[in-house]
Each structure stands twice: as C-alpha cells, then as structure tokens.
Amino acid sequence: MEADREWMYEGRIVNGMFSNKWGDKVDEFVAFALRHPECVNGGTAIRCPCTLVKCQNKKFLNVETVKVHLYKNGFVPDYYVWIYHGEKEVHQRCSRSVRVSVSETDQMVLDNMNHTTYHRMVCDAAGPEFNPDEEPNAEARNFYDMIRAGDKPVYEGNSKHTQLSAAVRMLEIKCRPRCSQAWFDDMSNFIQELLPPDNLMPLDFYSTKKLVRGLGLPVQVIHCCVNNCMICWGDDSDLNSCKKCGHARYKQTVRGSGNRLYIRKLKVPYKKMHYFPITPRLQRLYASTATANEMRWHSEHHMEDGKMCHPSDAPAWKHFDGCFPDFSSEVRNVRLGLFADGFQPFGQSGQQYSLWPVVVTPYNLPPDLCMKEEFMFLTVLVPGPTNPKGKIDVFLQPLIAELKSLWGVGVQTYDISKRQNFQMRAALMWTINDFPAYSMMYGWSTADEILQDLNNRGLRKVMDVDVEVVNAAISKTYGWNKRSIFWDLPYWREHLLRHNLDVMHIEKNVFDNIFNTVFNIPGKTKDTYKSRDKLNKYCRRPQFAQNLVTGKYPDVPFVLNKSQKKDVLEWVKKLRFPDGYASNLGRCVDANKLKMFRMKSHDCHVFMQRLLPIALREFLPNRIWEPLTEISLFFKQLTSSSLTDEELRNLDEQIPVILCNLEKIFPPSFF
C-alpha cells in the first residue's frame with residue numbers, strides 16, 4: 001500500500017459526481033482488509049471506517065455496504081494507519097507526490113518574525129514548528145497567514161498595533177462590559193472614519209472573528225431537550241422534538257400584530273450545550289516544543305526512596321499498564337483525568353442558575369504542570385438553569401464517543417520533539433468529584449461487589465426511553481439508580497481505581513463544620529437543639545441534656561465565648577502572608593457578627609492546616625484541642641507533594657482513631 005493516503009479525504013466528489021479514481025482507491029482499501037483474515041468477520045464483513053457514529057471502525061458490515069457508507073459519508077478523520085484492517089506498522093504521514101516548497105514570502109515572514117506577545121499567541125495556537133523543507137499543510141498555511149496578519153501594521157506609519165493585535169484588543173474590550181455585537185459593529189465603523197482609507201482594521205464583528213479564528217479551537221453547539229432528556233446529536237441530530245418527553249426543540253417566535261401575525265422562520269432552540277473536542281488540544285501538546293518532551297515525563301522519571309510524587313507511581317497506574325501492554329508500550333499515549341462540579345455564575349445574590357463545566361487534564365505531564373490552569377481543558381459546558389443531577393450522562397455522550405475513538409483508533413499526531421508522526425491514543429484513568437457529584441456521575445453506591453457486576457443488574461442508561469421505570473424497580477433492591485455512561489468505555493471495567501474524592505472539597509467541609517461549631521455561628525453550627533437531643537439519646541451524655549426546669553441547654557466546652565471569638569478574629573485580621581501563599585483573610589472577618597465569611601476553598605485549606613491549631617490552642621481544653629490538631633495534621637500530610645506506602649498505611653490507621661476522638665466531643669450531626 002502507498003504511504004500517501006491524502007486521497008482518503010480529498011477528491012471523493014469532483015464536479016458534483018463521485019470520482020472514479022477515489023472509488024478505485026476504496027476498492028484497494030477493501031481488498032487490503034480482506035487479505036487479513038484476523039480483521040474479517042464471517043468471511044465478507046469488515047469494520048466500517050465511515051463517519052457515522054454507529055460505525056467509526058466499531059461495527060462489522062459486508063464489504064458492499066462499507067463501500068456505500070464510504071461513498072456517502074467518507075472516512076473517519078485521521079485514519080491514516082489502518083490498524084483495524086490488518087496494518088501493523090505505523091507509517092509516517094507523507095506529503096503529496098508533488099512537493100510544494102515554502103514560498104519566499106512565508107520564509108521571509110519566518111526569518112524576520114519579531115517575538116511579540118501576539119506572535120507567541122499565534123505560535124501557541126498554530127502548533128508545530130514546521131520545517132520549511134516540508135510541504136506546509138493546512139495548519140501550517142494558517143500559521144503563515146496569522147504571522148502575516150501579525151506583521152502588518154493597521155495603517156502605514158503605525159508602530160503600536162498590527163492588524164492582529166488590534167483585532168484581539170477589540171475583542172478583549174468587547175468582553176469586559178459585555179457589549180453587544182451591534183455595539184462592536186458601530187464602534188468599528190466609527191474607528192474606520194478616524195483611520196486613513198487604506199487601513200487594515202476589521203470592518204465589523206464578523207470580519208474580526210474570521211481574522212482570529214485560527215487562534216481558537218473547535219466548538220460544537222448542540223441543542224438539548226429543555227428537560228435534559230436528550231441532546232440532538234448523532235442519529236438524533238435531525239429530530240424536532242424530544243423522543244422521551246415530546247417537548248419541542250425550537251421556540252415558536254410570533255411577530256407582528258393584529259391580523260398580521262406570523263411565525264419567524266429562524267429556528268431558536270430552547271436549550272443548547274457546548275462541547276469542546278479534546279483531540280486538537282492533545283495534539284497541540286505534542287506540537288509545541290514547550291510541552292512535547294514533558295508529555296513523556298511520566299515514563300522517564302524514576303521514584304526516589306519509594307516516594308510517590310505523581311499518579312504514574314501509584315498501583316492503579318501500574319495495574320492499568322499491566323492490563324493493556326499495547327497501550328502502555330507507546331509512552332506518548334495520553335492518560336486523562338476528568339472532574340466536574342457546579343457553580344452559580346451570578347453569585348449568591350443573583351439569579352439562581354446552576355452551570356456545570358466538565359474539565360479534562362492530561363497526567364503525562366510532571367506534577368508542577370498537570371495541575372496548571374493552561375492544561376485543564378474545558379470539554380463540556382452543561383447548561384442550566386437547573387442542576388442536571390443524574391441526567392448529566394446525557395451531556396457526556398460526545399465526550400465518551402471521542403474517548404472511545406481515541407482509545408480504539410487514535411489520531412495521527414506530530415511530535416515536534418522527535419520530529420515524527422505517531423498514532424496517539426488516550427485513556428480516561430479516573431474521575432475526581434465531591435460526594436454529590438459522585439452520586440450524579442455513578443449512581444450512589446461504592447461497594448466493589450456491585451461494581452463488578454453492575455452491567456448484569458439490568459440498569460439502563462439515562463438516555464434510554466424506559467429508564468425511569470426500569471431503574472426505579474432495580475434501585476429498590478440494589479441501591480443503584482442508573483448505569484453510568486463511563487461503563488461504555490471498553491477499558492473501564494479493568495480499572496483498579498475509577499473515582500477519586502476531591503480532597504479540597506472534603507477539607508473545606510470539615511473546616512466549615514469545625515469553625516462554625518466552635519464559633520457557634522447561627523444557622524451553620526452543628527450544636528443545635530435537635531443534635532443535643534440525639535446526643536443524649538445515642539451517646540448518653542446527660543451533662544449536655546436540656547434542663548427540664550429552666551428549658552435551657554448547658555454550655556459545651558468546645559464552643560468559644562464572646563471575648564475568645566474577638567481575640568481569634570483580631571489575630572486573623574492582623575495576619576500577613578507571603579505573596580501568593582493565601583488571600584487576605586482579614587477581609588473575611590466580620591467583627592460585628594463574630595464570624596468569617598466568603599472564604600474560598602484555598603482559604604479554608606490554609607486555615608485548616610496552618611492556623612487552626614494555633615488559633616484554638618489557648619482557648620480549648622487539651623482533650624478537645626488535640627483531636628482537632630490531629631485532623632489538621634492529617635490533611636497536611638495527606639496533601640503533601642510526595643507520599644510513601646508506609647505513610648499512607650499510617651494515615652489509614654490514624655484516621656479511625658482521630659474520628660473516634662472527635663465523636664467523643666461533637667454531636668452526631670457534626671459528622
């Protein structure tokens with residue numbers, strides 16, 4: 001077979017007709033697949049590599065049907081290496097038979113390029129450092145165009161702004177006060193009146209976005225059912241109403257008045273989600289000289305003194321490598337982690353709206369990079385205004401489909417550090433959530449024996465039509481309320497560890513319970529009248545029971561008095577931290593109500609591990625202060641940058657004792 005396989009994505013239709021030359025190539029492809037019996041099912045059926053969601057090298061069809069599908073839909077993207085049709089060796093992607101050299105203009109742009117902020121932005125977006133001796137592909141051509149735009153001044157004699165920098169600055173200004181598109185167009189027209197006639201300033205919002213489009217990443221806008229029943233994607237993309245609840249997909253906008261009412265033809269969906277494919281961003285990590293070498297760090301580093309400083313040192317990672325040696329043999333294959341949580345974009349006092357971003361991060365990178373903001377890839381934006389709850393699987397369908405493709409087929413990727421192409425695959429190692437999100441993602445239970453045979457329980461996915469009736473009956477017996485969409489991943493069953501609890505969420509919850517109870521914050525303390533009754537009922541502590549004569553409850557030793565609260569808050573207010581270590585906690589102090597408010601997760605993290613033992617040392621008895629200090633040190637050690645197996649075993653042995661000591665102090669509602 002020829003190494004040049006650009007024909008797969010070019011020349012299928014010529015002058016509105018199917019190309020005979022392209023058809024001959026398809027016949028050669030089918031003949032190649034039939035020559036490999038291990039890839040043929042029943043003697044005449046091969047995997048269909050067309051772009052249909054149900055196919056994409058997953059479904060076996062007879063060869064004639066495969067040809068029809070390929071003529072109609074074309075090949076699945078980036079299937080240059082026919083690994084599902086008998087090809088073993090990964091070929092280097094070759095250029096077309098006719099070489100095209102880089103033009104003199106392109107070379108001049110590269111040679112004379114000034115490395116400004118906008119040039120660096122273009123380089124980061126365009127990808128690899130292309131060798132001028134090779135033919136520039138579409139991505140490289142886009143790179144040259146962006147460099148040209150970055151080098152051209154807005155008008156002759158202007159040295160402050162180029163065409164690209166001016167366009168980016170205009171978009172930045174538009175985003176700050178949330179200006180409308182009409183405002184942007186009016187402002188662009190006004191700027192045109194101020195500049196010379198031969199200026200290169202974009203004329204309107206459309207032309208500005210078109211200019212900077214090469215800097216962005218692809219996004220898919222997918223219409224959703226207003227009740228979160230389904231998304232109009234894949235085979236359901238042409239539906240005009242929900243197949244489960246029957247709700248209309250589009251709004252009917254009536255215009256006019258009196259007898260001249262009419263319905264607008266413009267189709268406006270009731271609800272839509274955004275999906276950001278992860279494949280281009282993973283390819284970009286290998287296309288950049290800043291990250292290509294780092295993507296192999298997980299394989300090239302060595303443990304020192306048995307300390308685990310990276311997920312690749314953990315047993316779960318090594319267990320996965322042992323289960324799939326073909327995947328682990330290519331160290332450039334990507335390991336991913338997924339985390340999701342909801343937030344209110346309008347704050348507590350604004351409109352109630354729950355927005356759920358789903359973020360994916362690559363764990364190939366070293367510890368100091370894999371948790372950086374620039375390597376946290378937003379993939380799914382689940383719209384509100386309500387919490388999706390157990391129906392979040394509906395919105396994860398595009399992501400799971402892409403993960404299955406990256407696992408099975410992979411994508412041809414250029415590694416700038418080795419200057420070669422390879423077939424990049426990816427696997428989702430685990431998810432990271434707090435307890436509520438864990439229930440949404442998986443369906444409540446954590447028992448190992450249930451996880452092993454979950455597929456045999458008969459639970460349906462939330463996308464199925466009869467999911468409510470079937471899952472409701474099964475959940476009464478087994479505790480699960482759905483079949484998680486993550487089980488669609490072919491390797492998910494083999495994972496030793498599928499879910500991680502977000503330690504920052506847990507630490508914040510523990511700190512809030514301790515601080516609000518010790519400071520006796522109304523509405524947030526766990527020392528309430530009901531908890532006192534339960535305390536006396538279950539724990540037999542009559543000294544804290546209600547006085548039947550006065551009707552009052554006695555004071556407890558773990559609550560500070562008014563003067564002690566003032567002393568602690570005054571101390572916190574005067575604290576100063578190094579730059580970047582923590583925020584100004586003094587701004588969180590409310591001296592009138594004797595409490596702290598608006599503390600972020602990192603603020604609680606710093607207070608819990610560094611300040612809590614010091615703040616309460618002088619005001620609480622030793623039998624109360626010591627367990628609180630122990631739980632503080634537990635979180636401090638658990639979140640350290642490196643851990644050994646012995647340290648983890650010690651923590652596992654210590655935490656039950658610490659919790660038992662806390663149970664002797666605080667009421668049951670504290671836990």
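Let's start with a helix on a sheet: α11 lies across β12 (334-340) and β17 (426-433), and its direction makes about 150 degrees with β17. Angles here run from 0 to 180 degrees between N-to-C directions, using axes that are lines fitted to C-alpha atoms, for helices over the stretch in contact. Helices (H or I, at least four residues) and strands (E, at least two) are DSSP runs, numbered from the N terminus.

A quick word on what we have on screen. This is a predicted model, where local features need pLDDT of at least 70 and side-chain atom pairs count only at pLDDT 80 or more, while totals for chains, interfaces and linings use all residues. Residues are numbered from 1 along each chain as its sequence is written, and side-chain values use heavy atoms, with hydrogens and water left out.

Now the overall picture. The protein chain holds 24 helices and 21 strands. Of its 671 residues, 43% are buried, and buried means under 20% relative accessible area, with exposed over 50% and partly exposed in between (1.4 Å probe, protein chains only). Contact means heavy atoms within 4.5 Å. Among the contacts with a separation of 6 or more, 63% are between residues 24 or more positions apart.

Back to our sheet. In what order do the seven strands of the open sheet come? The order is β5-β10-β14-β13-β12-β17-β18, with mixed pairing. At the edges are β5 (220-224) and β18 (499-501), each pairing on one side only. On average, neighbouring strands of this sheet are turned by 25 degrees against each other, direction ignored. Two strands pair if DSSP finds at least two bridges between them. For an example, look at β13 (residues 356-362) and β14 (residues 377-382), which run antiparallel and are joined by five bridges.

Let's zoom in on α11, which covers residues 315-323 and includes Ala-316. Is Ala-316 buried or exposed? Its relative accessible area is 9%, so Ala-316 is buried. Leaving aside neighbours within four places in sequence, Ala-316 is in contact with Trp-430, Leu-496 and Leu-497. Ala-316 and Trp-430 are 114 residues apart in sequence, with 9.7 Å from C-alpha to C-alpha.

Next, the nonpolar cores. A nonpolar core is a set of buried Ala, Val, Leu, Ile, Met, Phe, Trp, Tyr and Cys residues joined through side-chain atoms within 4.5 Å. The largest one has 58 residues, and those with the most contacts inside it are Leu-282, Leu-336, Leu-399, Leu-428, Phe-486 and Tyr-491. Not counting residues up to four places away in sequence, Tyr-491 touches Phe-320, Phe-324, Trp-407, Ala-427 and Leu-428. Another core lies apart from the largest one, with 42 residues, including Ile-514, Phe-519, Phe-634 and Ile-655.

Now a hairpin. Strands β15 and β16 (residues 420-424) pair in the antiparallel sense over five bridges, and Asp-415 stands opposite Gln-420. Four residues lie between the two strands, and in the turn Arg-419 has a positive phi of about 55 degrees. How many of the five residues of β15 (residues 411-415) are buried? Five of the five are. Val-411, Thr-413 and Asp-415 are on one side, with Gln-412 and Tyr-414 on the other.

Two more residues deserve a visit. Met-308 sits in strand β11 (residues 307-308) and counts as buried because its relative accessibility is 15%. Thr-208 belongs to helix α8 (residues 205-212), and with a relative accessible area of 2% it is buried. The side chain of Thr-208 reaches the backbone oxygen of Asp-204 at 2.8 Å. Beyond residues up to four places away in sequence, Thr-208 touches Ala-167, Leu-171, Phe-184 and Pro-202.

Last stop, the cysteines. A disulfide is a pair of cysteine sulfur atoms within 2.5 Å, and by this rule the count is zero. For Cys-224, the nearest cysteine sulfur is that of Cys-232, 7.6 Å away. Cys-224 counts as buried, at 3% relative accessibility, and Cys-179 is buried too, at 16%.

Conventions: A polar contact is a pair of N or O atoms within 3.5 Å; within protein, one must be able to donate a hydrogen and the other to accept it, and residues adjacent in sequence count only if both atoms are side-chain atoms.
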